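Hi,

Here is the structure I said I would pass on. Have a look at it, and then read on for what turned up.

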Amino acid sequence: MNVKNILKKCTIALAPTIICIALGLLAGYLILLFSNPAQAGNGFRAILSGGFIGGNRGIGDVFYYATPLLMVGLGVAVGFKTGVFNIGGPGQFVIGGYFAMLTAHTIQVPRPLSWLIPLVAAAAAAAVWAMIAGLLHVYFKVNIVISTILLNYIGMHLVNVLVRKTIYDSGKNQAKLTPERAYLPGMGLDSLFPDSSVNGGFFIAVGIAVLIYILLFKTTKGYEMVAGGMNPFATLLSGMPIKKNAVFSMSLSGALVGIGGAFMYLSNSGASIEVVDSLAAEGFNGISVALLAANHPLGVILTALFVASLTVGGFYMQVYSFVPEIVDIIIAVIIYFSAFSLLITQNNQSIKIWFNRKKGGGGK
């Protein structure tokens, strides 16, 4: 395959994503223009600049916010790629975060086990939580989208109860802050971007994304998982264990999202689980990360950085008298058009098939 064909295929694959991003940014600029015409240009430049407008601290914060988004997006991408539509990110995220913090408070071991064990606990707890929806779907035909959405609210309220009974800070109405011994290592990023909340969790997340890519596209197990998502009936007839693979895919998806929750709270940023009746926004934002990456494990790395850059740019945009919710609108518009990008891709494939048949003169 020559370079020209490779570039052509990359362009076709990236075109829908680029269009979605452009339309989302255009909608954001129109909103800025409507809100404050005099400062619309400055506000839009702040969004596009992302963390760069804040120097080392801003860039470091982009990596910090991208880390949990990367893991949630990776979990959602695994689910979508293997045919189990995991919309339970918020519940799995907070379940993972809670068990990571609980383990950090109750198990006192030397580093690096002091942060490795909480990560494992988060992955295991979120995997079990996601497995509930997988089992209901496989063995009782319960719609997996409905069950994961409902489990979001059950998980949120369950964690609120557990926090109050175990690691509660009554003065702040939230869980106690993570012990310093359980902080994620800086791995040089904290020195490279001082005064920011960044840590080595980003490197760990990138490593996990590479491992997931290898699993899905370079192993027999991954082939079975992806094939089951593309055509479950053909996979079943071929003798593959479709039910076991579906449950495993759902558990793996939940484990990845749970690790994202652990990354969020095992840092020196002061973030903690608040006892409130609202779902974790990261659990839903990960859907946009996965869709923009077309559910590709390596593409999720780039789209997580992009969404995190928009978020950080939204913080600095407030200097020009704009509310940060505008960034949420931009991301929402991008998600909206991402759904249409899948339709565009499918239509393009249908057109190609129709054209080839006409060109060859075969069939009606």
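Below are some notes on a few residues. Keep in mind that this is a predicted model.

Let me start with Asn152, which sits in helix α6 (residues 144-166). Its relative accessible area is 1%, so it counts as buried, the cut-off being under 20%. If you skip the neighbours within four places in sequence, Asn152 touches Ile87, Gly88, Gly89, Pro90 and Gly91, and also Leu279 and Phe284.

Next, Glu274. You'll find it in the loop between α11 (242-265) and α12 (281-292). Glu274 is partly exposed, at 48% relative accessible area. Beyond four places in sequence, its contacts are Asn160, Asn173 and Gln174. Take the pair Glu274 and Asn160: 114 residues separate them along the chain, yet their C-alpha atoms are 8.0 Å apart.

On to the backbone. There is a cis peptide bond from Arg111 to Pro112, with omega near 5°. Pro112 belongs to the loop between α4 (89-106) and α5 (113-140).

Then have a look at the loop between α12 and α13 (299-317), where Ala294 lies. Phi of Ala294 is positive, near 55°, and this is not a glycine. Asn295 is in the loop between α12 and α13 too, and it also has a positive phi without being glycine, near 60°.

Cheers

Definitions and conventions. Residues are numbered from 1 along each chain as its sequence is written. This is a predicted model: local features need pLDDT of at least 70, side-chain atom pairs count only at pLDDT 80 or more; totals for chains, interfaces and linings use all residues. Side-chain values use heavy atoms; hydrogens and water are left out. Helices (H or I, at least four residues) and strands (E, at least two) are DSSP runs, numbered from the N terminus. Buried means under 20% relative accessible area, exposed over 50%, partly exposed in between (1.4 Å probe, protein chains only). Contact means heavy atoms within 4.5 Å.
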